[in-house]
Amino acid sequence: MILLVLALAQDPRLDAAVRGSDARAVEAALSALEPAKAPRALVAALGRARERLDVLLSTHAVARASAIELDDAVTFDLNPEKAKKRLADAAKARVRETSVRALEGERIYDAIRGAFRGLPSGAAAVVAEEAERSGNWLLKCELYEALGTMRAEGPLLKAMDVEREPVVLATILSGLASERAAWHLDHATWQVRLAAVRALRESKGGVGAVVERLPAADARWRNEACATLGKATGREMPADAWPDWWRRNAEDFRAGRVNAAAESAGPGRTTFYDIPLHSTRVCFVIDRSGSMRENGRFQAARAELLTLLDRLPDGARVNIVFFGGTPSFWAKTTRILDAQARKDATRWIEDQGLESGTDLYRALEKSLGLVGWADSGKLREDGVDTLFVLSDGEATVGRLQDDELIARVIARRARYLRPVIHAVALSSAAPSMRLLADLTGGEYRMK
């Protein structure tokens, strides 16, 4: 029944533009949508855009695999070298063409998601209805995210009381600014806890609940909690100062008698290549390709990593990935840091050597598995919330090698898993690093 409704809701012009992977035609079709039909037409177009994007990426992967196979192919042409070059040139052209079309598909998907922002407020009820009746976790996330951009608080609050899947609940909370989000501050999944504390930034009534949870919280949550408390109270303090301040000022704050004078921001921060580390659930993804030998980059990266491991507190959840042509993981999921884990990590890091090739996409895709499962929306309760990626060059092997395509595909797959991805580029030949950080809310450094 749902499929029939969506089929009837399709806008023929928009559907044709999506199927043709024509971003300009999609933009024109979006502009021409009739207001009354637009909400359901956009819902239908979302699914179409995702399906088409899957096809485009698969086509690109096949084209790249075919180009690689040509290197070992035998030709029976009278001029074999010339024939092989002709075939190789055609294969490379096909790879470039399919890469461009896949990027076009990513942009089309983003354009359709963004189009919900322009819907009139009355469309929220239709979008909420489609989200509520959908059995697809990804469509639910897309539509609840759209309701957040539309500032449709009523439907989101209703959904918060009904939805139980953590990946969906985190998306709902991310679009809210409500004191009721405090109900989820103790949720088992960090994505939900994090979204809940962010939803309290406009709530003076949530200050006590947030302060009470600071001592036992993960570092990324504490960092967000301090931002929430700062906005709610007009004060700036480190996490360990808030409980004492609250004991002294809770009654006056509730009565509106506390002024907004700022206090000290506290001690310096732990960093990795000058990027602040606000996490105790972290994975480091380190390039070990042959070019990392130049200028002592690999030795410096290992030294920086070892120094940081010494500074992380006991109890932090950590994993480490080194990648060249293949990724190598220190642990299957994460390990809790203690004296023995540090010794094991140090030994493992020191044993890592260089490897030919740079398969950045595979390393990042596998590392996302430490957060959750992008295909099913399932989240790991013991998962990481932050990735640090370090590389000195472009991808040279693997399913995806175009820099922009790698960044956009990984960011899309990470979107509802919600890790922050910080990126360190050790050379200007790693352009995907900046875009990856920008798309996932991380910081970027070029060294």
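How many cavities of 30 Å³ or more does the structure hold? There are 2 of them. This is a predicted model, where local features need pLDDT of at least 70, side-chain atom pairs count only at pLDDT 80 or more, and totals for chains, interfaces and linings use all residues. Residues are numbered from 1 along each chain as its sequence is written, and side-chain values use heavy atoms, with hydrogens and water left out.

**View 1. The largest cavity, about 40 Å³ in volume.** A cavity here is a set of points on a 1 Å grid over the protein atoms alone where a 1.4 Å probe fits but cannot get out; its volume is the space filled by probe spheres set on the points, which are joined across faces, edges and corners.

**View 2. The residues around the largest cavity.** Lining residues have an atom within 4 Å of a point, and here they are Gln-10, Asp-11, Leu-14, Asp-15, Val-18, Ala-41, Ala-44, Ala-45 and Arg-48. Helix H2 (12-19) and helix H4 (38-70) are the elements that give two or more residues; H4 gives the most, with 4. Helices are DSSP runs (H or I, at least four residues), numbered from the N terminus. Sorted by class, this lining has 5 nonpolar, 1 polar and 3 charged residues. Asp, Glu, Lys and Arg count as charged, Ala, Val, Leu, Ile, Met, Phe, Trp, Tyr, Cys and Pro as nonpolar, and the others, Gly among them, as polar.

**View 3. The second largest cavity, with about 30 Å³ of space.** Look for Ser-174, Trp-190, Gln-191, Leu-194, Ala-195, Arg-198 and Arg-418 around this one. Helix H10 (residues 190-198) gives the most to the lining, with 5 residues. By class, the lining has 3 nonpolar, 2 polar and 2 charged residues.

Methods: 1 Å grid on protein atoms, 1.4 Å probe; cavity = no way out; pocket = protein on both sides within 12 Å on 5 of 7 lines; lining within 4 Å.
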